[in-house]
Structures are given as structure tokens and as C-alpha cells.
Amino acid sequence: MTIVLTPVWQNGVQKLKMAPQPPPRPQHGLTPPELDDEVHETRCMTQLRGKVSDIERYIYLSALKQHDPHMFYRLCLKHMAEFTPIIYTPTVGQACQEYSHNYRRPEGLFASIKDKGKIKSVLRAWPKIDDARISVVTDGSRILGLGDLGINGMPISIGKLSLYVAGAGIRPQSTIPICLDLGTNTQKYLDDPLYLGMRKRRVPTNEMTEFMDEFMHEMSVQFPKLLVQFEDFSTDHAFLYLERYRNQYPVFNDDIQGTGAVVLSGFINAARLASAASGQPLTDHRILFFGAGSAGVGVAMQLMSFFTLEGLSEEEARNRIYLVDTQGLVYASRGELAEHKQYFARTDYTGPPIKNLLDVVEYVRPTALMGLSTTSGAFSPDVIQTMAALNPLPIIFPLSNPVKLSECTFEDAVRFTNGKVLFASGSPFHELEHRGQMLYPGQGNNMYIFPGLGLGAILARCSSVTDSMVEASSLGLANSLTPEEEDMNLLYPQIERIREISAFIAMQVIRAAQTAGVDRNADLRRMSDSELLAFVTSKMWNP
Ligand SMILES: NC(=O)C1=CN([C@@H]2O[C@H](COP(=O)(O)OP(=O)(O)OC[C@H]3O[C@@H](n4cnc5c(N)ncnc54)[C@H](O)[C@@H]3O)[C@@H](O)[C@H]2O)C=CC1
Ligand SMILES: CC(=O)C(=O)O
Ligand SMILES: [Mg+2]
């Protein structure tokens, strides 16, 4: 039985109550006599498409998910390309920003710093403790590229988990969206009378760490089969808590590891095409990262394995990577650097700071330009034109979310390279026609990775999530293009195939877990690859 959470008002306090989900086929007499499932699909799609704005469509789908989860997920799977921009980026960004205003009912767990010492009781409020398998946990401190949204970050956890259900067939009742309330430093929310979170600035890191230690411990006690996905923590805390807990609990950070994996996968496919066009060996690629936060550095770390898999040493691989932050090119003699940037600081440059992106591009002469900067339009026409002048087929990935923060649009990338570009963005753009040819943008978003990575980790009952499992998810994705998709020069598979892709990724992840010895489901070791793939597919929940 699937459960939904319905609000119950008691003494003025809204509480969670478990209610049985309406059965898929309601009793005779309770529905119109000629209600037909297929016609009802058309009716729901007509209602959805009749809404006047994306946020209205988001609110409609959110209600549909609650009243009729089977219909919601069935439509989601059928219309993946239409649904993801609504339930996920970009619209989920707006849903977060307006969460306190549009709030209707509880859909997840909230643990506040005020619960320190009694987090256990908060977690025990969750109705389906035994079913819990995957939780997306955010503290709202860096939601997409939209900054510190505090408790308004809840919809990002909800949206990611909807993709777990749709994309990997995780059962809806096995998912727990969590938003931690540790304050917010955004004055607008502190002043907003409708703001749903604590009206305090963020607690200092030492206090947050005490809270996180208790939270993670209680999570592992209350939900012993749970995998935790950290989402949209500000960069310092993203690295801190991933390192602190990754060997202790099954946990991964989506922005560092999921993004690293998805971009490595797209880069592998793009680099092959770019090298075929330039005649340069794969090991000669030079990658410039514009943005050196958790996502930029996470992706840079993961892209190291592109070069090491091609036979380069760690040092040689690191040399292929350049970072740019708000102060320009990141190099060792520039001055004090945040810890997460130090590994990639260049030691072969000692001159004055190179601040302007165009100047950095001219100095580095990259074959690939990655944007993880939250800076809309940073890939200006002259930057894109210079990339095109340097490379027959430049790789340009503006990966910041949501769409309005993308470093450039697909249209600009096509226009200023004359259609000769390998493009992937974090949020979706439409395909377009250029000189009689259809060109398709890739979506380099971790949504291709986390459903399959999570499913694999859950089925193998992993004690931790290793780097090798993350790399396996990436290579699994890179190898999942069909011949037709390769003919279309796609860098990522079509999103409509997400179930098939997630099953394949999950299988690769399970094998990597077995090799690393972190799997606790020994039965899977005895299966052949085809048996394992069939097993993974059989475990997927279907609406
Ligand atoms: N495509 C995907 O799957 C993912 C995309 N992202 C996106 O990546 C972006 C960054 O995320 P985080 O690294 O966590 O954020 P962050 O705020 O920690 O990092 C941003 C980085 O960009 C740099 N930056 C900002 N403005 C700049 C400017 N004008 N010039 C040069 N550098 C500038 C900052 O110095 C910092 O290094 C967000 O928009 C997020 O939505 C994050 C995760 C996944
Ligand atoms: C996609 C994602 O995780 C982000 O933009 O933060
Ligand atoms: Mg994220």
C-alpha cells in the first residue's frame, strides 16, 4: 500500500497523519460511471496544459501526486521531457523560492536546530519507518544557483525523490524528503511574515556539526536500510559532511559526486567527437572550469578519471584542469585559497591575476569550457567565438541551474560557433534548426545519475558509497547511448529511456560495490550480468 501524508490540525498545529492512498480503482459508485483510465490520462494532461504558468503546473502536479500517485507517475513516465522542467529544474527553483507562500500540506520531514538532543522523536514521526530506503536531505543553503533559501529548500528534496520514483522505480513510500532548518542568512525570508522556517541567521559550523552528528546517527538507527543523498548544501559544508560521514554511513553528495559523474559521462562522449574532428589525442584535452564551488570542484575531481583511464598519471591528469573563481584563474601564488580549490591551483603560472574569462580562455586555450558559476550569460559571444576559433568542435557545457542562470543559451552557443559545438546544459533547452539541420542540446544534469546510483546502492545494501561506484554510474551512462542516439550526435541518452538507463547504471553500481566489498546482499554476487539486470528491473515499482 502506498501512503500519503495528510495534514491534521490539532490545537492549531498541523501534524502528519498517515492515510491510505486512494485505491487505484475506487469502489463502484464513488466515481463517475464511465471514468476510463486512458481518457482520464488525456483529461489530466489537458488540465495540466491549460494552466497559465509553470508554477501553476507545478502546483497542479503536486496535488495530482498526492491524490493519485499512480496517475502522476504514469504520466510522468510517458511525458518525461514535458514533466521534468516542471517537477524539477527550472520550475522547482521557483517552487522553492515561493514555498512559504504556496505551502499547502506537509510532504516531508523537517528537523530544526531546536530539535537538537531529540532528533530521534522527529524521525519517529515518519509514518513508514520500515519502508525507508532513500532520503534526500538539504539544509536549503544553496538551492540550485538561487542562494540560501532556508526552509524553502524542501521542494528540491521532493523533486529529486519524484525522479527516483519515476526514473528508477523506487517505491514512493520508501522515499523521505528532508529539509533541515538551521536558519537562513537571507534577510528577505527573515523579514517575510509567511516564512515557514526559524527566523534566525544560520548557526555556526561547530553547532551545525554537533547537530549533523546526531542527525546522521539517529537516521542510521531509525532507518537502518536508508541511503542518504546530501543535496544543495553550501560548498564548505558539502565537502565537510561528505568527508565526515562517507565511510561511516551509506551517503553521497549529489552536487559533488552525482554532478561529477554526469559530466564525466557527457564529456567522454563529447571528447570522442571533438578529438575525431581535431585529430588530437584524447589525452590532449584541456578543461577550463568557470566556477570553483562544490559542483565545479566535484566535476573537476571526477574528470581526472577521464585522463587516468586513458593512461595518464594523476599529476598529468590534474595538469589538464584549470579553475576560475570570482578572482579569476586559480593559481597557487595568487594568495590564500579555500581548501577545496588548492588541489587544482596552478603552479605553472605566477604572474598577475587573470580575471577576465576571455583572457583566461586565450591563456589556457581549452578544448572544453564548463560553467558551474551561477552566473547568467558569463559565456559571452566573444568567449564562445574564441572557443570556436581554438577548436573545430569546442565542448561548451553551461551547467548552472536554473535556466535563467545558465552561462549561455543553446541558441547563442549554436549561433556563435556556427553550429559547430558540443553542448550540454544543466537545465533543459529546446532543440533547434541550424542551416537545415536539427541540433539537439544535451542536458548534463545529475538527474541521469542519482536514480540509478541510488537504486544500485539500495539493492546491494551498501554500507558506503565508494568513488568506484560513482565512476561506474558515470561509465554506465556514457555507454548507454543507442546507435540512433549516436547518429544524432547526442551526448546523453533521451530522457524517455530513463528507466532502462537507470537499470543499467544500477547494475554497474552493484558490480562496483561488490568489487569494493561494500555490498551486504551477497545473493547478487552469484548472478550473471543478464540475471542481475533482470533482477534490478524486476525490483522497479511501476505505476
Ligand atoms: N548540472 C547539474 O547537474 C548541476 C549544476 N549545479 C549548478 O552549479 C552551480 C554552482 O553550484 P555550487 O558549486 O554548489 O555553488 P557555489 O556557489 O559554491 O560555487 C559557485 C562558484 O562560482 C564562482 N563564481 C560565481 N560568480 C562568478 C563570477 N562572476 N565569475 C567567476 N566565478 C564566479 C564562485 O567563486 C564559486 O567558485 C549552481 O548553479 C548549481 O545549480 C550544481 C549541481 C548539479
Ligand atoms: C541539479 C542540481 O543538483 C543543482 O543544480 O544543484
Ligand atoms: Mg543540487
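Because the model is predicted, local features need pLDDT of at least 70 and side-chain atom pairs count only at pLDDT 80 or more, whereas totals for chains, interfaces and linings use all residues. Residues are numbered from 1 along each chain as its sequence is written, while chains are lettered from A and ligands numbered from 1 in the order in which they are written.

A parallel open sheet of five strands, ordered S3-S5-S4-S6-S7, is the place to begin. Strands here are DSSP runs of E with at least two residues, and helices are runs of H or I with at least four residues, both numbered from the N terminus; two strands pair if DSSP finds at least two bridges between them. Strand S3 (109–112) and strand S7 (251–253) stand at the edges with a single partner strand each, so one side of each is left without a neighbour in the sheet. From one strand to the next the twist averages 25 degrees, where axes are lines fitted to C-alpha atoms, for helices over the stretch in contact, and angles run from 0 to 180 degrees between N-to-C directions. Within the sheet, strand S4 (residues 134–138) is joined to strand S6 (residues 227–231) in the parallel sense by five bridges, and Ser-135 faces Val-228 in S6. Across S4, strand S5 (175–181) and S6 lies helix H8 (residues 154–168), which runs at about 165 degrees to S5.

Gln-229 ties several of these elements together in the description. Gln-229 belongs to strand S6 and counts as buried because 28 C-beta neighbours lie inside 10 Å; a residue is buried if 20 or more other C-beta atoms lie within 10 Å of its own, exposed if 12 or fewer, and partly exposed in between, with C-beta atoms placed from the backbone. Apart from neighbours within four places in sequence, the contacts of Gln-229 include Ser-135, Val-136, Lys-160 and Phe-252, a contact being two residues whose C-beta atoms, placed from the backbone, lie within 7 Å.

Residues up to four places away in sequence aside, Tyr-88 touches Gly-159, Leu-163 and Met-447.

A further annotation from the unreviewed UniProt entry, "binding site", covers Glu-231, Asp-232 and Asp-255, which cluster in space with a largest C-alpha distance of 6.7 Å although they are spread over 25 residues of sequence. Asp-232 is found in the loop between S6 and helix H11 (235–245), and counts as buried because it has 27 C-beta neighbours inside 10 Å. Asp-255 has its place in helix H12 and is buried too, with 25 C-beta neighbours inside 10 Å. Residues up to four places away in sequence aside, Asp-255 touches Glu-231 and Asp-232, among others.

The ligands complete the picture. Ligand 2 is surrounded by residues including Asp-232, Asp-254, Asp-255, Asn-445 and Asn-446, where a residue is near a molecule or strand if its C-beta atom, placed from the backbone, lies within 6 Å of it. The shell around ligand 2 has one nonpolar, five polar and three charged residues; Ala, Val, Leu, Ile, Met, Phe, Trp, Tyr, Cys and Pro count as nonpolar, Asp, Glu, Lys and Arg as charged, and the others, Gly among them, as polar. Around ligand 1 there are 29 residues, of which the closest are Gly-145, Gly-291, Gly-293, Ser-400 and Gly-426, and by class this shell has nine nonpolar, 17 polar and three charged residues. Helix H12 (254–278), helix H13 (294–309) and strand S9 (321–325) each supply at least two residues of the shell around ligand 1.

Note on methods:
UniProt positions renumbered as here; feature names shortened; annotations may be inferred.
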